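Subject: Structure handover

Hello,

Here is the structure you are taking over. My notes come after it.

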Amino acid sequence: MLIGGGVPSALTGFSASSAVTAERPVVRWALIGVAIVFLGLFLVIPLIAVFLQAFEKGIAAYFRALLDPDTQSAVRLTLLVAAVAVPLNTVFGVVAAWAITKFEFAGKNALITLIDLPFSISPVVAGLVFVFLFGRQGWLGPWLEAHGVRVIFAVPGMVLATVFVTFPFVARELIPLMKAQGTEEEEAARLLGASGWQTFWRVTLPNIKWGLLYGIVLCNGRAMGEFGAVSVVSGHVRGQTNTIPLHVEILYNEYNVAAAFAVASLLATLALATLALKSLLEWKVARQLAETDAKP
Amino acid sequence: MSIVVENISKTFGQFVALRNVSLSVARGELIALLGPSGSGKTTLLRIMAGLEKPDPGSGPIRFEDEDVASRNPQVRHVGFVFQHYALFRHMTVAENVAFGLRVRPRRLRPSRSEIRQRVQKLLKLVQLDAFANRYPSQLSGGQRQRVALARALAIEPKVLLLDEPFGALDAKVRMELRQWLRRLHDEIHVTSVFVTHDQDEALELADRVVVMNQGRIEQIGTPDEVFHSPATEFVTTFLGQVNLFHGRVENGKVHFATLAWDSPEHAAMPSQPVRVFVRPHDFHVASHRNGAPAFRATVRRVHSAGPNARLELVAESGESLWVEMPLDVCRARNIVQGSPVFLTPRDVKVFAESPH
Amino acid sequence: MRLALKRHGVLPGFGLTLGLTLSYLSVVVLLPLTALLLKAARADLGQLWGAVSDPRVVASYRLSFGASLAGALVNAVFGLVVAWVLVRYTFPGKRLLDALVDLPFAMPTAVSGITLTTLYAPNGWIGKWFANAGIPVAYTPLGVTVALIFTGLPFVVRTVQPAIADLEAEVEEAAASLGASRWQTFWRVILPSILPALLTGFALAFARGLGEYGSVVFISGNMPMKTEIAPLLIVTKLEQYDMVGACAIALVMLGVSFLFLLAINGLQWWSRRYAMS
């Protein structure tokens, strides 16, 4: 799977100048037209609609919705969930990418497939497995209950479900990048007397920093926006186990549409920021890879 | 520092890269490991550096008197120059060179100003002092090569190991760097081993050449020795061009191409089929029989661009062969396409026909 | 027994990093999945079968499968056009559109869900045109398909784009010099070489559609037997404390996910078959 691995148009530079490999202008503009209409209908109009709907009842209503205590607590919980899930999966991503790209071992491809696994599982199933693990009738549930620990329908469960669905993001950005960069620079550092840590901090990390940041941005976007998995384990306790996406759902189902879109506009802004950063970082990563390829 | 490796073997899965290789390098020597790809030369170099571990049961790897076989690479004090240089692309030239000094433990680390001076001195040595603040991506291949060398020298290595140091450069830069490296070695005199598949490079640059093939050492000797007295058939064919004849040894004579060549050195060899090699420049070419033992051949083509004429010939016995002779001699004797000539070998190498 | 055949003896941390990777993977991913399997193993087989073969559940499979297939097909056609246009042509606003292709991936699903519902509702900006033509979109299977076109789009475009970018101009020139028309070149030379990528993108979009929840539940209307998707039924069963029912449907979905994972890996292996190093 390679979602997110877009090709920066600046770098693909296919020269369509040759007459035999270019379509007739009519065909070309027709295709461009089809693409623009399709993307307009499915991407641009919905994006605009979010913000227009958010301000439908005026700016005052917009900020009232944002400043509502329930919204505020949803924002706080979302930040908390991301603050746990993102660092955990970042460290894991770097560690896993190091093991996978710097060494040869049996079963490596199976390991990569397992790391990708959470991507192919429905978010609802992802939430459900934690109910079966920690829920009242679950595997570890009775033991947890006896010790007064609540995981399901509480914050710990939401964090766990988010960690699960954002698990592969950092690792899968780093693995292809570090594979392409090889191990020669690290070997050189070791021969020059650098310790393992020094090699990692001074040689590996600077080389992967853009790819790493890119993975973190994607991971964070998903962590803050996850709906299905978190919904299953949350129990929807208003003001306590509501993240922003869950709060949007509640407002929408209460026919408080303008407020729902006002809160949704926060997430849409996050998505736009993620896209902007992603485009920028993708360009940097592509440049870094191009330098790797440009061996003299 | 001298290097001695004994009975080193290395396998990668099914592939045998080195079979029982032993080699000793004297202090201050410049040694070339020469061989085709897959001959094990790079593996041997990486084992000396500690980048690969030899198979269990291999002998010691001694630097001077110390066995370093179990030592980590970062304490072996080897300067290693990678084939593609492995420069740190996020560091400037100066930072690359300083790296090995900066990562030392605090008590062994030179002061900042000292590091700066050392870097400057090294960059001057490799003639890159004007490029200290450039990034590797802004340098040409030859310049990157020299940065890699300066970086390796910065840790004051006792041994310098270079993997195909000129492999990634174009022909003209190769020649220049080759001479420059020889001069540099004469100046700093650090024990050096380099890997190459280019015979000219090995013969021109090295004090001694180690010819390798299929994980084994075929011959170790000075460039003169390996070129003029090849120990094996592989060395003969790998170094320079040769003409091959199938013949026989009988009673101290080598029979090939209608010729019975007196060869006292093969007197002891039992009668058997042999392969006979003669280099193109090791023939005397006459237009008439003059009493010397010679075989007859017909000139097919004459290539006269260059200081030597290269003749494409067919021997009377059917073999095609190449002969080189000075152009003026060729013209004086009026040797042209279709001329019959008489060839007398000056030097022949004879090896028993291998059983397969 | 040693697990590994280590090659790069110089770089440290093999045992540490692989150990951490395997432990974290086990705790975060494998252990919870085992809990699901354990739940299923303890349940009565007849009860499980009853849950997955219930007519309401079967109807939800049919909807999820049909709408995902339709959405993936639409994306295969239009995604190919979009990818082609973004790689080969230049026009104003191209880079912005290129960046926007990832919007469905970056946009939280709940936001996509309520936005598409509002737009395609009978009184919505787009929905009212369809309503006038007598075609309701929101709260019908068509609405589910619309949501799945939205979520699947980046999978097709981002998989096909690099394949088009990797096409060599020389090959197309060769086809032209051998007398092929531009259309013939596309049909016989270009399409076969990007087909594995297109199929991979199609399969990714399809698989994503089967499991999609947030962007679909708002627009689907959730009428039993008509517009209920399979993931929603899991939530419904859970809310009714029917753990075995939820477990059974989840097992079916997990099985289908595995099949798709295998198919996609196979496709990627297939797409490398002509690769020249």
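The notes below go through the model chain by chain.

This is a predicted model, in which local features need pLDDT of at least 70 and side-chain atom pairs count only at pLDDT 80 or more, while totals for chains, interfaces and linings use all residues. Residues are numbered from 1 along each chain as its sequence is written, and chains are lettered from A and ligands numbered from 1 in the order in which they are written.

Chain A

Chain A is divided into domain 1 (21-54) and domain 2 (59-294); the bounds come from an automatic or database domain assignment. The C-alpha centres of these two domains of chain A are 31 Å apart. Their contact takes 4 residues from domain 1 of chain A and 8 residues from domain 2 of chain A, where two residues are in contact if their C-beta atoms, placed from the backbone, lie within 7 Å. On the domain 1 side of chain A, the residues touching domain 2 of chain A are 3 nonpolar, 1 polar and no charged. Here Ala, Val, Leu, Ile, Met, Phe, Trp, Tyr, Cys and Pro count as nonpolar, Asp, Glu, Lys and Arg as charged, and the others, Gly among them, as polar.

Helix H9 of chain A covers residues 169-181. Helices (H or I, at least four residues) and strands (E, at least two) are DSSP runs, numbered from the N terminus. H9(A) is largely enclosed by the rest of the structure, because 10 of its 13 residues are buried. Among them are A:Phe169, A:Arg172, A:Glu173 and A:Met178. A residue is buried if 20 or more other C-beta atoms lie within 10 Å of its own, exposed if 12 or fewer, and partly exposed in between, with C-beta atoms placed from the backbone. A:Gly182 follows H9(A) and has a positive phi, near 70°.

Chain A with chain C

The contact between these chains takes 87 residues from chain A and 92 residues from chain C. Helix H2 (residues 25-54) of chain A supplies the largest share of the chain A side, 16 residues. By class, that side of chain A has 58 nonpolar, 20 polar and 9 charged residues.

Chain C

Chain C has 13 helices and 0 strands. Of its 277 residues, 47% count as buried. The C-alpha atoms of chain C fill a box of roughly 70 × 65 × 30 Å, taken along the principal axes.

Chain B

Strand S11 (residues 243-250) of chain B runs antiparallel to S12(B), joined by 3 bridges; strands pair if DSSP finds at least two bridges between them. One pair of bridge partners is B:Arg248 and B:His255. S11(B) and S12(B) form a hairpin with 2 residues between them, and B:Asn251 in the turn has a positive phi of about 50°.

S12(B) also pairs with strand S13 (residues 259-262) of chain B, antiparallel and over 4 bridges. B:Phe256 stands opposite B:Leu259 there. This second hairpin also has 2 residues between its strands, with B:Ala257 in the turn at a positive phi of about 45°. On S12(B), B:Val254 and B:Phe256 make up the covered face, and B:Lys253 and B:His255 the uncovered one.

B:Pro56 is in the loop between helix H1 (41-49) and strand S4 (61-63) of chain B. B:Pro56 is exposed, with 6 other C-beta atoms within 10 Å.

Regards

Terms used
The expected span of a helix is 1.5 Å times one less than its number of residues.
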